[in-house]
Amino acid sequence: MNNSIRVNCTKKNLKQIRDFVSEYLGQLALSDILVNQIVLAVDEICANLIIHANHEDPTKYIYLTITEPKNAVQFEITDNGLAFKSTDYKEPDLHEYVRMGKKGGVGIALVKRIMDKVEFTSKDGANACLLYKKIK
Amino acid sequence: MKITQDIKDSTIIMTLDGELDASSSVILDEELSDPEIMKYNKILVDCRSLNYISSAGLGVFISHLQRFEDAQIKLIFFNMQEKVRNVFEILGLDLLMTIVTNYEEAITIADE
């Protein structure tokens, strides 16, 4: 089964990424809720890369590769945009967000809560995000 | 994402059909930002055909909550699929928003 996909940086392509991940996970006999959570985590990272790291520039690309380490599923998402600064990350205070009418800022929190491992690395202008989830 | 509105007196029933992601949630934001909506005091959101929600969709609801609360407009979600409800629960949003099982329950809570 094909385990990698490349899409250019427009938000419309998020659907294509989700369909690709859903189809791949379909062969692993996971619950609907778990499949949805994993698809969501990958979608959140890709949305951040497309919107924030690459400013929705359709001439730029992101790459996703799925692998299956023992009893787990792993996603590597790479791009050449602006690097994610994990030091800037703060746990969202939802009551504060509601008070402020804040629209964004809960995506990475979802990813961190869903996945068992979330790593960001950058080297020579290339960035990689690694998402790891135990499935057994 | 397709959004349809059904108006009954002071209540809007908003039906969401499709997926709310970073791309499609803009449409929802436009609907909820419409000043017309402030004329009603109950917004019931039918989520039966909402198959997916990402942080962008959640963010739209979060960003309007205070405005509705200040205007004493009740926002109630019903018929939500389990996998979608799970996403609200991961963040604890189910404690900040009103999510009920079905239409009857939504109406009852809206009238309280």
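Reply: A:K123 lies in strand β4 of chain A, which covers residues 117-123. Helices (H or I, at least four residues) and strands (E, at least two) are DSSP runs, numbered from the N terminus. A:K123 counts as exposed because it has 8 C-beta neighbours inside 10 Å. The rule, with C-beta atoms placed from the backbone, is this: buried if 20 or more other C-beta atoms lie within 10 Å of a residue's own, exposed if 12 or fewer, partly exposed in between. A:K123 and A:Y97 are 26 residues apart in sequence, and their C-alpha atoms are 34 Å apart in space.

This is a predicted model: local features need pLDDT of at least 70, side-chain atom pairs count only at pLDDT 80 or more, and totals for chains, interfaces and linings use all residues. Residues are numbered from 1 along each chain as its sequence is written, while chains are lettered from A and ligands numbered from 1 in the order in which they are written. The model scores ipTM 0.95 and pTM 0.96.

Now chain B. Its mean pLDDT (the predictor's confidence in each residue, from 0 to 100) is 97, and 100% of its residues reach 70 or more. Chain B has 4 helices and 5 strands, in the order β-β-α-β-α-β-α-β-α from the N terminus. Of its 112 residues, 34% count as buried. The C-alpha trace of chain B spans about 30 × 25 × 25 Å along its principal axes. Among contacts in chain B (C-beta atoms, placed from the backbone, within 7 Å) between residues at least 6 apart in sequence, 71% join residues at least 24 apart.

Notes
Two residues are in contact if their C-beta atoms, placed from the backbone, lie within 7 Å.
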